Amino acid sequence: MNLMKRLSFALSMLLSFECVYAGEVPSDIQFVRPLGMGGAFTAVADDHNIFNYNPAGLVQRTGGQLTMLEIALGAASDTKDAYDFIKDNENDLTNFDDLPPTRQQELVNEIATDIAQLNPRIYSAGNVASYVSGPNFLGLPLHVGFGGFYVVDATFKLENGVLIPTISYEVNNDIVLPLSIAHRWDMPFLPGKIGVGLTGKIIQRSQVKQDRLSVIQLEDMEAPPFATGKGFGGDLGILYQPTDRTNLGFMVKDIGGTKLKYDAVAAEKGYPAIAERETVISPITNVGLSMVPKKILWLIPTSDRWTFSADVWDILNEDDHLFFEDGFNNVFGENLYTHLHLGAEYRWWFLRFRGGASEGYPTLGLGLDWPLLKLDYAFYSQELGEFAGDLRQENHVVSVALKFGGEATENRERIKKSKEIKRGGNESIPESAPSTNIPESSTNPGTGAEGVPQ
């Protein structure tokens, strides 16, 4: 198998359900809407993203949402440059020992100065089918959600070895089957309401990984075997709504730790056997705030079309010192920015404009929200270093989905009520969107956007 075939083998796994995942990181299935909002979604969580961000967000649904065949595909900005270099120099890399010393040195220098600095990545997430209900699911006083998801994350890197260039790659995959329930109560002594959500999830995780392989080894090397682990875990979410425009979110992912049991892998293709093993995905606690203001700066009416949000992820992390690193002399720790996420979304007609900041880097997003068909794009960055600003990886991701009942939420009910008040009061405030034949999703009480029942 030559170098390009070897690399293509790793990348082709992106669309396979039998790919693999490194451990033991949380099972993050991130779709485009939250990514465009900087990942600040713990207190927003009003659609199928509740499974990853906060199951208590189910209580905001006023009608059901059915999502089918949502596919998100993304890549880091460095991916094309790294792939093009390998493709253009395939023969020289696989026959490195036979090259003249001057050509060897040219390759080594280019890899050291340019290519080794790249951080290529390819990402894919899929929502095969999912459903989140409105209140009173099948006559029960509960909100319910369930579905089937997968995520694949692939990285590769070309570096200089002792004498010969090396390549490392890793392809990871999770398949997740979640079931969530949520209920909301009036607060007994405080204003507002509180919702509590629980998710039980079955996870299948696998991984294929090779570190610092000499490029000349790849000519005849077979693909390595991969191990697959399975486990059952749970998430806990809380959503406190002191007013109908403000949410406070709390989410514990993998509460109590999610145990994964990996099957033994027999020795084959020259690779050693891998023993059966058990690992744990440690809990992570996220908190968030979101608001749908009536006015911006107490002056500019919003028509309930703006949503603002802020999250702090892994707030209980003991190693990163997010707060009070030096007692009360330093309230905000130096690593806080790598855990801080800010976001905003503006709805106008069938357009969704999004922006924010993730781990200290800006994010942008755009959505086209037609009945049934949803298209989304997001630009965001990940911090690969220890501190904010150390090592930035820029990513682009797009998605397409079929959705029924997507806008049946409390937020959209406020927009509807605002329009009715304007029209009923004969006020001359202009509509924030031009007339269109696209129906408002929440104009039929008791159903979702396309008539999906509660």
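**Close-up views of a predicted model**

At 9% relative accessibility, F51 counts as buried (under 20% relative accessible area; exposed is over 50%, partly exposed in between; 1.4 Å probe, protein chains only). This is a predicted model, in which local features need pLDDT of at least 70, side-chain atom pairs count only at pLDDT 80 or more, and totals for chains, interfaces and linings use all residues. Residues are numbered from 1 along each chain as its sequence is written, and side-chain values use heavy atoms, with hydrogens and water left out.

**View 1. F51 pairs with F149.** The ring centres of F51 and F149 lie 5.4 Å apart with planes at 55 degrees, so the pair is tilted. Rings of Phe, Tyr and Trp (its six-membered ring) pair if their centres lie within 6.5 Å; planes under 30 degrees apart are stacked, over 60 edge-to-face, the rest tilted. F51 sits in helix 3 and F149 in strand 3, so the contact ties together parts 98 residues apart in sequence. Helices (H or I, at least four residues) and strands (E, at least two) are DSSP runs, numbered from the N terminus. F149 is buried, at 4% relative accessible area.

**View 2. Y53 pairs with W313.** This aromatic pair is tilted as well: 6.5 Å centre to centre, 50 degrees between the planes. Y53 belongs to helix 3, W313 to the loop between strand 13 (306–312) and strand 14 (325–328), 260 residues apart. Y53 is buried at 4% relative accessibility.

**View 3. K201 bridges to D235.** The closest N and O atoms are 3.0 Å apart. A salt bridge is a side-chain nitrogen of Lys or Arg within 4 Å of a carboxyl oxygen of Asp or Glu. K201 lies in strand 5 and D235 in strand 6 (residues 227–243), so the bridge ties together parts 34 residues apart in sequence. Both K201 and D235 are buried.

**View 4. R352 meets D369 in a salt bridge.** The N to O distance is 3.2 Å. R352 is in strand 16 (residues 351–358) and D369 in strand 17 (residues 361–369), 17 residues apart. R352 is buried at 5% relative accessible area, and D369 is buried at 14%. Elsewhere, salt bridges that share partners join R33, D46, D47, E345, R347, R354 and D376 into one network.

**View 5. D92 pairs with R103.** Their closest N and O atoms are 2.8 Å apart in this salt bridge. D92 is in helix 5 (residues 90–94) and R103 in helix 6 (residues 101–113), so the pair ties together parts eleven residues apart in sequence. D92 is partly exposed at 22% relative accessible area; R103 is partly exposed at 21%.
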